[in-house]
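Dear colleague,

My notes on it follow directly after.

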Amino acid sequence: MCTILAIESSCDDTGASLIHNRKILSNVVSGQKIHERYGGVVPELASRAHQGNIMPVIDSALEIAGVKKEALDAIAFTQGPGLLGSLLVGVSFAKGLALALNKPLIAIDHLSAHLAAHFINEPTPKFPFLCLLVSGGHTLLVKMDSETKYEIIGRTTDDAAGEAFDKAAKVLDLPYPGGPLVDKYAKDGNPLAYPFPEPNIPGLDFSFSGLKTSFLYFIRDNMAKDSDFVNKNMADICASYQHRIVEYLLHRLEKAAKEYNINEIGIAGGVAANTYLRKKIQEKALEKNWHIYIPSFEYCTDNAAMVAMAAHFKYLNKDFAGQDVTAYARYGG
Ligand code: KG4
Ligand code: ZN
């Protein structure tokens with residue numbers, strides 16, 4: 001029997017979740033609207049907001065789960081990568097709580113948490129499992145051999161897929177985070193209206209900088225001819241740009257699946273909430289005979305339930321952290 005409280009504070013979402021014997025009992029997330037007007041997450045404001053949110057979020061996760069703090073077997077937290085000031089709020093809170101309750105700590109890597117989202121609901125993937133992890137900070141192809149053993153076989157050489165969405169949205173004057181808004185406008189647009197070029201770099205890595213630049217020039221040139229171009233064509237612009245990103249992601253996934261001969265395939269991370277990607281991967285799955293796994297929306301963008309799931313596996317391995325554990329903003333320091 002094990003009951004774990006998990007805390008997520010890597011970026012601009014404060015999350016807390018309770019897991020009991022692999023079952024998620026609660027998953028509370030408080031987003032931060034304050035960043036909208038700045039066109040991106042402001043680190044200083046994010047850490048301040050986490051400080052205000054963390055107590056109520058944890059209290060509400062405990063209450064929804066009907067669990068008393070004293071009944072916890074461990075406290076888990078996101079260790080990194082992420083914004084250091086934001087991470088420190090979660091790490092320090094977890095350390096204080098673990099000390100006060102005399103319970104072990106479990107440190108969770110944000111990437112393994114996103115992957116763990118696949119093990120929350122049935123059916124869970126069989127191994128080897130190939131996961132496309134696409135978020136505001138990651139664009140990775142990951143080959144998983146078990147719930148805790150994985151290998152990165154492709155990664156972005158510049159921006160993450162979420163950034164490619166957010167930066168284009170900024171050019172269109174949409175508030176941060178732009179990804180969900182591009183998704184929304186694209187629903188009424190023609191994905192083939194404007195042909196953006198597919199990035200082309202060797203191997204299984206990704207690059208979004210060329211696509212981003214061509215988008216910027218496309219908007220700039222058309223706005224020079226007609227200052228109402230974006231307003232008049234928002235749906236087609238969003239649909240075409242989104243189409244290119246999604247096609248590109250799926251082409252890479254297809255290449256990796258072929259090279260590694262894997263047909264258990266999934267997506268994870270914030271961009272996995274994109275409705276067009278979710279639709280297109282289902283079509284691809286039919287064509288390629290893949291078994292696909294797509295976490296429910298609430299487990300795609302940052303949340304503490306995925307942290308709790310990753311912590312469950314670490315708890316089984318008695319993989320605990322000491323009170324000297326520290327957060328990391330990025331891998332390697
Ligand atoms: O996983 P996540 O919440 O945080 C990170 O770990 O980065 O991902 C956030 C990213 C943002 O870039 C956001 O624009 C993108 O996920 N995103 C979307 C959608 N929902 C969130 N991008 C495209 N379509 C969506 N529906
Ligand atoms: Zn994330």
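The shell around ligand 1 divides into six nonpolar, 10 polar and three charged residues; here Ala, Val, Leu, Ile, Met, Phe, Trp, Tyr, Cys and Pro count as nonpolar, Asp, Glu, Lys and Arg as charged, and the others, including Gly, as polar. In total 19 residues surround ligand 1, the closest being Gly-136, Asp-166, Asp-183, Asn-274 and Asp-302, where a residue is near a molecule if one of its heavy atoms lies within 4 Å of it.

Please note that this is a predicted model, in which local features need pLDDT of at least 70 and side-chain atom pairs count only at pLDDT 80 or more, while totals for chains, interfaces and linings use all residues. Residues are numbered from 1 along each chain as its sequence is written, chains are lettered from A and ligands numbered from 1 in the order in which they are written, and side-chain values use heavy atoms, with hydrogens and water left out.

A backbone N or O atom of Gly-136 is 2.8 Å from an oxygen atom of ligand 1, and a polar backbone atom of Asp-302 lies 2.9 Å from an oxygen atom of the ligand. Asn-274 instead uses a polar side-chain atom, 3.0 Å from a nitrogen atom of ligand 1. Taken alone, ligand 1 exposes 560 Å², and the protein buries 90% of that (Shrake-Rupley method, 1.4 Å probe).

The elements that give two or more residues to this shell are α3 (110–116), α4 (161–171) and α5 (179–186); helices (H or I, at least four residues) and strands (E, at least two) are DSSP runs numbered from the N terminus. Ligand 1 lies between domain 1 (3–115 + 300–316) and domain 2 (122–294), because both give residues to the shell; the domain bounds come from an automatic or database assignment.

Some backbone features lie in loops. Gly-80 and Pro-81 are joined by a cis peptide bond with omega about -5°, and Pro-81 is in the loop between β4 (74–80) and α2 (84–101). The peptide bond from Phe-127 to Pro-128 is also cis, with omega near 0°; Pro-128 belongs to the loop between α3 and β6 (129–134). Asn-289, although not a glycine, has a positive phi of about 65°.

With kind regards

Terms used
Polar contact = N/O pair within 3.5 Å; in protein donor to acceptor, adjacent residues only side chain to side chain.
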